[in-house]
Amino acid sequence: MKDLFIAEEVTKDYSNHRALNNVSMSVPEKSIFGLLGPNGAGKTTLIRIINQIIGPDNGKLYFEGERLKPEHVHQIGYLPEERGLYKKMKVGEQALYLAKLKNVSGLDAKKKLKEWFEKFELLPWWDRKVEELSKGMQQKVQFIITVMHNPKLLIFDEPFSGFDPINVNLLKDEILNLKNKGATVIFSTHNMGSVEELCDYIALINKSEKILEGKVTDIKKSYSTGTFSAEIAEAKTDIVAELGNDYIVKVEDKLDNHIKCKIKSQVNSDSSNDLIKKLTNVGKIISFQELLPSMNDIFIKNVTGKYPDELSNNN
Ligand code: ADP
């Protein structure tokens, strides 16, 4: 898959602080890319550089294979974390004005905006003043303005902050829709649940340096501990005896001949087929799943160096 955006060894210094140190990252096209890191890591600085609000001190940036240039801004939709609309202006009027700034105007803009307003249940508010809308509704208007001109690259800085769970879901669905229609999405977040749900790729920035990057499934697999959860019904033999010394079995629940357990391979982490064969001798397998660490655990491990309890946080 081609990369839509590439950063190569980007460094950015503020007066007395290096906010980004030699950061490289590649964002594959038509993917959702999570930019993760603790507060102050440098995420917003990188996002501002991509949007050409500030420039890097060193390093190269590429958009669709070309060096990043001012014209690319028209193909980028950016929803900053700190967002504001003109409070006294009417909602629809303001949306049309902001659409015009993005080169969508006239009937086309009105039609597109009305469709989005309808989808986000904002249509009755079209002629009201912005100040009459709740914070969440204002954020929805800003989301619409960010995406309505179908930019190739969408950048959302903490898009879910300030939204209730229903609107978070609405936004997540729309982000997935936009990806399915061909957009590439970069979003920064502290919410690891949304990373698990949405992201194909991530980069983790800590203290101005990128410390982890890749496909979410590959990263999770690389932290595999060879632990599986299994549920077995109609057990006819003793599971510990049947599995032998190659496996540690932690029986979590046993009622009659129904067992729920966690099994850790002592041999290698890729022995799921052997394990399933052995479990078949024990009884009827109801469920079997490898327990991979959550992105939350992986984030904490990489940033603090400490792994949360190996088994307790597995999903
Ligand atoms: P994040 O988005 O990951 O929380 P930022 O990119 O906002 O991090 O900030 C990275 C670091 O750079 C922080 O220590 C922050 O205080 C500092 N910083 C950000 N903007 C400026 C600025 N305009 N001048 C000086 N320091 C800044």
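How far is an oxygen atom of the ligand from a polar backbone atom of G42? The distance is 2.9 Å. The legends below describe a predicted model, in which local features need pLDDT of at least 70, side-chain atom pairs count only at pLDDT 80 or more, and totals for chains, interfaces and linings use all residues. Residues are numbered from 1 along each chain as its sequence is written, and side-chain values use heavy atoms, with hydrogens and water left out.

**View 1. Surroundings of the ligand.** Y14, H17, A19, P38, N39, G40, A41, G42, K43, T44 and T45 surround the ligand. A residue is near a molecule or strand if one of its heavy atoms lies within 4 Å of it.

View 2. A41 places a polar backbone atom 3.1 Å from a ligand oxygen atom. H17 contributes a polar side-chain atom, 3.5 Å from an oxygen atom of the ligand.

**View 3. Helix α2 against helix α3.** Helices (H or I, at least four residues) and strands (E, at least two) are DSSP runs, numbered from the N terminus. Axes are lines fitted to C-alpha atoms, for helices over the stretch in contact, and angles run from 0 to 180 degrees between N-to-C directions. The axes of α2 (residues 91-101) and α3 (residues 106-119) come within 10 Å and cross at roughly 125°. The two helices α2 and α3 are therefore oblique to each other. Angles under 35 degrees count as roughly parallel, over 145 as roughly antiparallel, 65 to 115 as roughly perpendicular and the rest as oblique. From α2, V91, A95, L96 and A99 meet A109, K110, L113 and F117 of α3. Contact means heavy atoms within 4.5 Å.

**View 4. Helix α3 against helix α4.** α3 and α4 (residues 135-147) pack at about 140°, with axes 10 Å apart. α3 and α4 are therefore oblique to each other. L113, W116 and F117 of α3 meet V141, F143, I144 and V147 of α4.

**View 5. Helix α4 against helix α5.** α4 and α5 (residues 165-180) pack at an angle of about 5°, their axes 12 Å apart. That makes α4 roughly parallel to α5. K140, F143 and V147 of α4 meet N167, L170, L171, E174, I175 and L178 of α5.

Note on methods:
A polar contact is a pair of N or O atoms within 3.5 Å; within protein, one must be able to donate a hydrogen and the other to accept it, and residues adjacent in sequence count only if both atoms are side-chain atoms.
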